[in-house]
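Thank you all for coming.

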Amino acid sequence: MRVVGSLATQFAPPFSLILHFFTAAAIVQLVFPIFIFLNGEIFKEDIYSLQFASFWHFYLVGFIMMVVFGALYQLIPVALEIPVFSFKLGYIHFYLFISGISIFIFSLLKAEITFLIPIGSIFLFSSFIVYFINFFLSIKNLEKLDITVTYLLTANIFLLIGICIGLLLGLNFYYGFLSLNLEYFIYAHVIFVVFGFIIFLVAGIEMILLPMFSVSHKFSAKFIKVSYIFLSVSIFGLVFSKFLDLFYLFLLSFLLFLSGIISLLLQVLEIYRHKPKKRSDFALNGMFLSHVFLPVGIAMFFVDKSTGLFITSSLFFGVLIYSSLYKILPFLTWFHKFSNIVGIKPVPTLSEMLPENFPRLQLILHVIGSILFSLFFTFKFLLFYYTGLVMLFISGVIFLYNFIYVITYQLKEGG
């Protein structure tokens, strides 16, 4: 299987394109707890309400997917060893995406402007279509299909199905043409986008990033291959079991899905076991340890959808994303600013480009705040709500500081 040694590549995108997505994500994750505080009444609504949908789309689409797309424009050339078809389409994708998610979220929140929901849906859908055109035109001449590429391809197919369902839901709000139970469509939308696209994408990207950052070699890839089979079959099983109202199919699909997740976790453990022993690296440890929250969140999703989805999104995806960014951002900034002066002037190490102790503090506060907020979903205890929000906000401020510190890093005087 492919083991990539560096994020650098002759096909690397413009640094400004990656920064567009990462900067927007850094701002969104800071605004997120403020958004919750100002709109706390949404938690009195039903989980299938428009107001509750604004909460999930703000974090899952506004933050997590923003980071995912930024990372993909850097990692597609690395993972697939091909050039991106068009970086100009990448910028169009970004501006359509940021416009669509802004219109969509605020139209979900305010009763007087809900007529904008179809417009926000169309903008978002258009941004995804631009991305798909770019992605599939990039891979049309791909010569080899390994497990990483297979995961990325499958993830994008699930995303395409998921956003088509999402567009139907957005248009249906105005035109009302769906006669079936809307909860089924919402459920299918979540399964395809969150448990299909995001988990498959994470699994594929991890097979690049974890070996690269941990310098892990000669590990077996058997678990990730088994995981792919289990997860692929179970995604469709979970969706059709709901549509056909077949409990036994649901139970079988759920057990198959958990088996796929366990296989994925065993693959992560396999990579961890083969990394050389060296001094502690908090960001790398965060990438590995974030997986503890994945089975907890998935199990809770089928017991309490709100709690499970928040644990999965904030404690698995969130911790994994922050930890990965503390590895990716310094490298990309270093490569952009200092790679051309290596051997001419002293250049900083990647660890020097991060502020001391602040990244670790940010991760700790994010984990504690997310746990407290997850407990609020379950117990509705206001102390968990406010304490969790404060910690998430402070975590967001610190992350924004860390982000700015890295991308504005300059050589010391005399360097």
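Predicted model: local features only at pLDDT ≥ 70, side-chain atom pairs only at ≥ 80, totals over all residues.

**A walk through the model**

Let me start with phenylalanine 373, which counts as buried because its relative accessibility is 0%, where buried means under 20% relative accessible area, exposed means over 50%, and partly exposed lies in between, using a 1.4 Å probe and protein chains only. Residues are numbered from 1 along each chain as its sequence is written, and side-chain values use heavy atoms, with hydrogens and water left out.

Phenylalanine 373 belongs to helix 12; helices here are DSSP runs of H or I with at least four residues, strands are runs of E with at least two, and both are numbered from the N terminus. Which residues does phenylalanine 373 touch, once its neighbours within four places in sequence are left aside? They are Ile36, Phe43, Phe55, Phe310, Phe384, Tyr385 and Leu389, a contact being defined as heavy atoms within 4.5 Å. Phenylalanine 35, which is 338 residues away in sequence, lies 14 Å from phenylalanine 373 in space, C-alpha to C-alpha.

Two of those contacts, Phe55 and Phe384, lead us to the aromatic rings. Over the whole structure, a search finds 69 aromatic pairs, where rings of Phe, Tyr and Trp (for Trp, the six-membered ring) pair if their centres lie within 6.5 Å, and planes under 30 degrees apart count as stacked, over 60 as edge-to-face and the rest as tilted. For phenylalanine 55 and tryptophan 56 the ring centres are 4.6 Å apart and the planes stand at 70°, so this pair is edge-to-face. Both phenylalanine 55 and tryptophan 56 are buried. Phenylalanine 381 and phenylalanine 384 also form an edge-to-face pair, with 5.2 Å from centre to centre and 85° between the planes. Phenylalanine 381 counts as partly exposed, because its relative accessibility is 45%.

Let me now step back to the whole protein. It has 13 helices and 0 strands. The protein consists of 415 residues, for which a compact globule would have a radius of gyration near 22 Å, and the value of 21 Å found here agrees with that; the radius is taken over C-alpha atoms, and the globule rule is 2.2 Å times the number of residues to the power 0.38. Along the principal axes, the C-alpha trace spans about 70 × 45 × 40 Å. Buried residues account for 56% of the 415, and of the contacts between residues at least 6 apart in sequence, 80% join residues at least 24 apart.

Next comes helix 8, where leucine 264 is found. Is leucine 264 buried or exposed? Leucine 264 is buried, since its relative accessible area is 2%. Not counting residues up to four places away in sequence, leucine 264 touches Ala203, Glu206, Ile224, Ser227 and Leu294.

Helix 10, residues 293-301, holds valine 296, which is partly exposed with a relative accessible area of 40%. Valine 296 and phenylalanine 316 are 20 residues apart along the chain, and their C-alpha atoms are separated by 9.4 Å.

Finally, I would like to look at the loops. Most residues other than glycine have a negative phi. Aspartate 245, although not a glycine, has a positive phi of about 55°, and its place is in the loop between helix 7 (222-244) and helix 8 (247-273). Aspartate 245 counts as exposed, at 67% relative accessibility. Asparagine 357 likewise has a positive phi, near 75°, and is found in the loop between helix 11 (305-337) and helix 12 (358-379). In the loop between helix 4 (117-139) and helix 5 (147-175) sits glutamate 143, which is exposed with a relative accessible area of 82%. The C-alpha atoms of glutamate 143 and glutamate 206, 63 residues apart along the chain, are separated by 22 Å.
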